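Colleague: I have a structure open and would like to learn how to read it. Could you take me through it feature by feature?

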Amino acid sequence: MNDDEKGKRFLELIDEQNNVQWSIVAKLTSLISSNWNSPGVQKELEELVEKHTTITKELNSLDENSSIL
C-alpha cells in the first residue's frame with residue numbers, strides 16, 4: 001500500500017473509530033440508565049469494544065514505520 005492509500009485508509013479508520021466511540025458512549029449511557037441491568041445492551045457494548053480494538057490495531061499497523069503519524 002502506497003502512502004496515499006495509507007493516508008486515505010487512515011482517515012477512514014479515524015472516522016470509523018470516532019463513530020464507534022460515540023456508539024460506546026451511547027450504550028454506556030443506556031446501561032447506566034437501566035442501572036446496569038440490560039444484557040442486550042451489554043452484549044452490544046462488548047461488540048463495539050471489540051470493533052474499536054480491531055480498528056485501533058489496523059491504525060497502528062498502517063504506521064509501522066512512523067511514516068504517517
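Modeller: Start with a term. A salt bridge is a side-chain nitrogen of Lys or Arg within 4 Å of a carboxyl oxygen of Asp or Glu. Keep in mind that this is a predicted model.

Colleague: What is the general idea behind such a pair?

Modeller: Side chains of opposite charge can pair when their charged atoms come close. In this structure, R9, E12 and E58 are linked in a network of salt bridges.

Colleague: How many salt bridges does the structure hold?

Modeller: There are 4 salt bridges.

Colleague: How far apart are the closest N and O atoms of R9 and E58?

Modeller: They are 2.9 Å apart.

Colleague: Which residue does K51 meet in a salt bridge?

Modeller: K51 pairs with E16, at 3.8 Å from N to O. Since K51 lies in helix α2 and E16 in helix α1, the pair ties together parts 35 residues apart in sequence. K51 has a relative accessible area of 40% and is partly exposed. E16 is partly exposed at 28%.

Colleague: And which residue meets E44 in a salt bridge?

Modeller: That is K27, with an N to O distance of 2.3 Å. This pair also links distant parts of the chain, with E44 in helix α2 and K27 in helix α1, 17 residues apart. For E44 the relative accessible area is 33%, which means partly exposed. K27 is partly exposed as well, at 24%.

Colleague: Let us turn to the helices. How do I check the length of α2?

Modeller: Compare its span with the expected one, at 1.5 Å a residue. α2 has 24 residues and reaches 35 Å from its first C-alpha to its last, close to the 34 Å expected.

Colleague: How should I read the spacing of residues along a helix?

Modeller: An α-helix has 3.6 residues a turn, so residues three or four places apart point the same way. With that in mind, look at the buried residues of α2.

Colleague: Which residues of α2 are buried?

Modeller: They are V41, L45, L48, H52, I55, L59 and L62.

Colleague: What covers the buried residues of α2?

Modeller: The cover includes α1.

Colleague: Now the loop. Where is N35 found?

Modeller: N35 sits in the loop between α1, residues 3-33, and α2, residues 39-62. W36 is found in the loop between these two helices as well.

Colleague: Is N35 buried or exposed?

Modeller: N35 is exposed, because its relative accessible area is 65% and the cut-off for exposed is over 50%.

Colleague: Which residues make the nonpolar surface patch?

Modeller: The patch is made by L28, I32 and W36 and covers about 300 Å².

Terms used. Residues numbered from 1 in each chain as written. Predicted model: local features only at pLDDT ≥ 70, side-chain atom pairs only at ≥ 80, totals over all residues. Heavy atoms only, no water. Helix = DSSP H or I, 4+ residues; strand = E, 2+ residues; numbered from the N terminus. Buried < 20%, exposed > 50% of the residue type's maximum accessible area, 1.4 Å probe, protein only. Expected span 1.5 Å × (residues − 1). Contact = heavy atoms within 4.5 Å. Patch = residues over 30% accessible without salt bridge, like charges linked within 9 Å, V, L, I, M, F, W, Y side chains within 5 Å. Areas by Shrake-Rupley, 256 points an atom, 1.4 Å probe, with all protein chains shown as cover.
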